[in-house]
Every structure is written in structure tokens, then in C-alpha cells.
Amino acid sequence: QPSLHLEWQKDNGENYICSAIRTNYSKISPLTISSIAKQAGLETDVVDMKIRDQDIIQPYKEFRYGDGTMVASRKGVPFEKLESKIKDADILSFSVNPTQWVNISLDLVKYAKSINPNIIIITGGTDVLTRYEYYLSKGIDFVILGEGELSGKQLFENVLCGKNDFSQIPNIAYIDNGQIKR
């Protein structure tokens, strides 16, 4: 998902950037996810939406903050640039580590499901670990709880083979017949 970009536009005309600076190197989680998926027999394509197109800033929400307005924007690859990849994908998997990525991540889920209703969305990360029920309620199909090297491979293999029984896979959460399973 793209980076979060926050700009505080004060009523007196001053503007302040309030978001963290994103470094220009890929984080380990997308590469790990890709490696695990390949071990399970899947073809993968890694897209770091934060590194590419950093000059593209898309405002998506504004709110009053002190004596000004905070403008929240997505910075990086716009979702629309990935439309053909998402349409052709069976699985979309990503990590949500800091809590501030939640809204952007859920926007990506909503967009992906709108253009490919059958796409299976798998996520993990530190924020998801403690709030997996919330993520599942927002359209995520599977949440990996903790390290995903073992459970991620098993999950990818089950999805690839069309299996519907995920009860033997450790450290995942999902919804089955309206109930959250863990």
C-alpha cells in the first residue's frame, strides 16, 4: 500500500509535513511474503507501492486539527495503476505494521474487491496481530498471526489447491460460516 502523507495546513497559511519520511529501499515483508508464496507453488509479483511514484500524492481525507486542517494523502503508486494486476490476481497479500497504515490498507482491500470480487486477501503484521477481528470485518479473508513462514506456506498451498478446511493451519484467523476461527 502507498505511504501515508500528512500535511497540517494551518489557518494562518503555514503548512507542516507531519508524516514520517519513507526510505527508498524495499521492506523485508513483501519479499518474505513473495518467497513464501513461491515455496507454495504460486507465481508472484512484488510491487512496493511506497517506493515507486513517490511524487504522486493523492489526498483522501481532511479533518480539523488544532488551528488548521490535517490533510491525509496516499503517497506512492495509485491503486488504479495496479488495476490489471489485481484483476488477474488470485491472491493479494500485504503487511500492515504501523497502525497509521490501516485506512490506506483497507482502501486497497475495498478497491481490490471492487474490481476482482473473487480475489483472496491475506494480511499480517504487527497491527493486524492484535486487531484481527477488525480486519476480518473489513473484507480481509485471512490474517496471519505472528511469523508467517510456516502458516503462510500452508495457507497459500490450501488456497492454491482449492481446499476449504483451514482448521489445521496454525497462527491464522479467518471467518467460517459467520464465525471468526483462530
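The questions and answers that follow concern a predicted model.

Q: Is Asn116 buried or exposed?
A: Asn116 sits in the loop between α3 (102–115) and β6 (120–124). Buried means under 20% relative accessible area. Asn116 has 8% relative accessibility, so this residue counts as buried.

Q: Which residue has its backbone oxygen 3.3 Å from a polar atom of the side chain of Asn116?
A: Leaving out residues up to four places away in sequence, Asn116 touches Ile86, Lys87 and Ala89. The backbone oxygen at 3.3 Å from a polar atom of the Asn116 side chain belongs to Lys87.

Q: What is the geometry of the pair formed by the rings of Phe142 and Phe166?
A: The whole structure holds 7 aromatic pairs. The ring centres of Phe142 and Phe166 are 4.6 Å apart and the planes are at 65°; planes over 60 degrees apart count as edge-to-face. The Phe142–Phe166 pair is therefore edge-to-face.

Q: How many residues apart are Phe142 and Phe166?
A: Phe142 belongs to strand β7 (residues 142–144), while Phe166 lies in the loop between α6 (149–161) and β8 (172–176). The pair links distant parts of the chain, and the separation is 24 residues.

Q: Which residue forms an aromatic pair with Phe166 at 5.7 Å centre to centre?
A: Phe166 is buried, with a relative accessible area of 9%. This pair is edge-to-face, with 65° between the planes. Both partners are buried, and the partner of Phe166 is Tyr174.

Q: Which residue lies over the face of Trp8?
A: Trp8 is linked by ring pairs into a cluster with Tyr16 and Tyr65. At 4.9 Å from the ring centre of Trp8, over its face, lies Lys10.

Conventions
Residues are numbered from 1 along each chain as its sequence is written. This is a predicted model: local features need pLDDT of at least 70, side-chain atom pairs count only at pLDDT 80 or more; totals for chains, interfaces and linings use all residues. Side-chain values use heavy atoms; hydrogens and water are left out. Helices (H or I, at least four residues) and strands (E, at least two) are DSSP runs, numbered from the N terminus. Buried means under 20% relative accessible area, exposed over 50%, partly exposed in between (1.4 Å probe, protein chains only). A polar contact is a pair of N or O atoms within 3.5 Å; within protein, one must be able to donate a hydrogen and the other to accept it, and residues adjacent in sequence count only if both atoms are side-chain atoms. Contact means heavy atoms within 4.5 Å. Rings of Phe, Tyr and Trp (its six-membered ring) pair if their centres lie within 6.5 Å; planes under 30 degrees apart count as stacked, over 60 as edge-to-face and the rest as tilted. A charge sits over a ring if NZ of Lys or CZ of Arg is within 6 Å of the ring centre and within 35 degrees of the ring normal.
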